[in-house]
Amino acid sequence: MVSSLSTSFESPNSRKPSRILSLPWKKKLVRATKVTLSGKYENFDTLKKERNDDLDISPITPLPTRTIIKDIETAKQVVHESFCLIFDSVALIDHCGVADSNEIKIALEKIQIWEALTMELSFTIAKNSEVIARGAQDNVKRIALAAGVLNWDDFDIDDASKLCLLGDKHIFGLGSVRSYDLAYKRYQAAANLNHARAYLMLGNMNEYGLGTKKDLTQAQKYYNAATTANNDEKAVAEAYNCLGKIYQYAKGIQFDILLAEKMYRSSIEQGSLDGMTNLGILLEKHQKNFTEAFLLYQKAAKSGYSRAQNALGSCYFKGKGVKPDFGIAVDLFSKSAEQGNINAVNNLGICYESGLGVPRDFARAKSLYFEGVNQLHPSATNNAGYILLLEKQYEEAIRLFHVAEALGSMKSKYLNFCSLDATLNLGMIYELGCPTTFPHDIVSPDELTAMRYYNYGIKKGHIGSMVRLSQILIHSKLNKDLKKAENLLRHASQISNSSVAQTLLGQLIIETEKIKEEPLMYRLNEATEWLQKAADSGYSPAKVKLAELFE
């Protein structure tokens with residue numbers, strides 16, 4: 001059985017947008033806009049005084065007392081700019097007709113309120129008081145936002161930041177009911193003002209289908225827009241980082257490692273520690289550039305970034321880009337786990353299970369794995385199942401393997417080897433069986449079912465599944481196929497550095513040639529090369545087999 005190391009690494013309750021004059025909206029609009037000159041709400045018998053969570057209108061700033069207009073031209077300009085809003089209401093009356101008197105009443109009230117507010121703004125400007133003018137203008141902005149009819153020329157970057165905060169409030173449910181729809185609208189409003197973080201959030205929501213349908217092409221456009229806004233370095237850095245992940249994992253667009261690397265490096269220039277870590281993962285996985293990957297992890301880890309600490313610990317654990325040091329690996333995993341990184345918690349469990357860097361402690365390992373089970377972590381769930389299997393708690397172990405397999409396919413569509421380890425473990429259970437003291441075994445040996453699990457893993461490129469199936473094909477009485485077994489082991493040896501696959505391939509070639517009257521020398525030389533490669537990596541069985549060959 002295998003334990004798997006984690007190297008790195010809501011469904012929105014969307015509502016359809018309300019029509020502008022649906023009954024709830026009428027109440028909210030009137031309540032948001034029916035303001036007297038003193039800034040207080042008038043009493044309406046038809047309105048309830050409940051809290052308005054959906055609109056999230058800030059308290060209206062008290063308007064000043066009427067004064068004589070001193071700047072007629074300014075007043076005329078403001079009135080003229082407001083006429084477009086009044087015309088909307090008039091058009092609404094024409095559209096509704098006389099049949100719906102309630103709709104007409106709302107529209108007329110809206111006209112009256114806009115007229116009053118426009119005049120108040122005119123008086124305030126004429127009074128030449130910047131502070132009072134700003135307060136009156138903010139009132140108009142808030143009501144325009146509520147009505148959905150905005151004049152973007154009147155807004156600035158500070159307004160965009162406030163709109164972003166309103167979006168955050170709705171997307172996280174801070175102080176109001178969580179609503180992805182309202183959050184999306186707030187971010188859209190801020191994006192109209194070229195706000196980098198608003199673009200970033202819209203990209204996230206399009207990428208994951210929050211408040212809108214999932215649209216990766218649109219997400220990419222928003223991320224690109226964020227990179228050119230240049231009014232929020234952190235948002236720009238994260239936008240580059242998100243673009244890098246889209247290109248690296250081909251999430252809806254063409255796979256492009258070079259472009260992903262370019263995006264990550266741009267995010268690093270803006271100070272992104274996550275981009276630095278992601279670039280390290282890219283270099284490690286796709287370019288086998290372990291040295292630069294190690295240096296990137298090391299730099300980000302020094303800043304206390306938990307993902308980088310976990311990735312750097314994996315480098316020390318596996319000896320990639322640095323000499324193996326399990327003690328340092330445990331220290332880094334611990335630091336990352338203290339920050340809540342569940343991948344590091346799982347890796348720390350593996351260290352306790354195997355006794356690498358710390359004394360072996362199965363109880364501690366089990367406790368750490370079950371922290372991961374509680375957080376639906378695929379690899380930790382698989383590893384917890386393995387511990388239970390050692391304790392002969394077969395039923396619960398099998399259940400956890402199935403859960404880990406399902407979690408891996410859901411959560412890690414492009415990094416799903418943790419789920420494939422669970423698939424391998426299920427295959428081994430069916431291959432070997434689980435005997436008990438009950439009248440019937442929980443699982444009796446079933447070679448065909450085991451082979452189905454292994455074949456599923458092989459289709460996903462899982463090395464362990466290739467090795468296990470090759471052993472069935474070599475030793476089975478009913479399903480023996482030496483040629484297919486050799487092909488599997490050769491493929492596993494070529495695409496990985498699996499010393500086990502290399503040693504088994506060398507042994508199989510030698511055994512196959514021994515039974516021939518005239519063994520082929522090139523085949524024996526190939527077998528020797530595979531055994532030597534495995535022996536050079538320190539694999540003891542390969543060294544023993546080589547010694548037997550040269551006796």
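Helix axes are lines fitted to C-alpha atoms over the stretch in contact, and angles run from 0 to 180 degrees between N-to-C directions. Helices are DSSP runs (H or I, at least four residues), numbered from the N terminus. The model is predicted: local features need pLDDT of at least 70, side-chain atom pairs count only at pLDDT 80 or more, and totals for chains, interfaces and linings use all residues. Residues are numbered from 1 along each chain as its sequence is written, and side-chain values use heavy atoms, with hydrogens and water left out.

Confidence is given by pLDDT, the predictor's confidence in each residue, from 0 to 100. The protein has a mean pLDDT of 76. Of its residues, 68% reach 70 or more. Residues 125–130 fall below 50, and this stretch has 7 contacts (heavy atoms within 4.5 Å) beyond near neighbours in sequence. Residues 146–154 also have pLDDT under 50. For that stretch the model has 21 contacts beyond four places in sequence.

Helix 7 (residues 196–208) and helix 9 (residues 233–248) cross at roughly 25 degrees, and their axes come within 9 Å. The two are therefore roughly parallel (angles under 35 degrees). Helix 7 contributes Ala196, Arg197, Leu200, Asn204 and Glu207 to the contact. Helix 9 contributes Ala235, Val236, Glu238, Ala239, Cys242 and Ile246. By class, the contact has 7 nonpolar, 1 polar and 3 charged residues. Here Ala, Val, Leu, Ile, Met, Phe, Trp, Tyr, Cys and Pro count as nonpolar, Asp, Glu, Lys and Arg as charged, and the others, Gly among them, as polar.

Helix 14 (residues 326–338) packs on helix 15 (residues 342–354) at about 145 degrees, with the axes 8 Å apart. The crossing of this pair is left-handed. Val330, Phe333, Ser334, Ser336 and Ala337 of helix 14 make the contact with Ala344, Val345, Asn347, Leu348 and Cys351 of helix 15. The contact has 7 nonpolar, 3 polar and no charged residues.

Helix 21 (residues 463–475) and helix 22 (residues 482–495) pack at about 160 degrees, their axes 8 Å apart. They are therefore roughly antiparallel (angles over 145 degrees). The crossing of helix 21 and helix 22 is left-handed. Residues of helix 21 in the contact include Ile463, Met466 and Leu473. Those of helix 22 include Lys484, Leu488 and Ile495. The contact of helix 21 with helix 22 divides into 12 nonpolar, 2 polar and 1 charged.

The whole structure holds 16 salt bridges (a side-chain nitrogen of Lys or Arg within 4 Å of a carboxyl oxygen of Asp or Glu). One of them pairs Asp274 with Arg307, with the closest N and O atoms 2.4 Å apart. Asp274 lies in helix 11 (residues 273–286) and Arg307 in helix 13 (residues 306–318). The pair links distant parts of the chain, 33 residues apart.

Methods
Left-handed = near helix turned anticlockwise from the far one by under 90°. Parallel < 35°, antiparallel > 145°, perpendicular 65-115°, else oblique.
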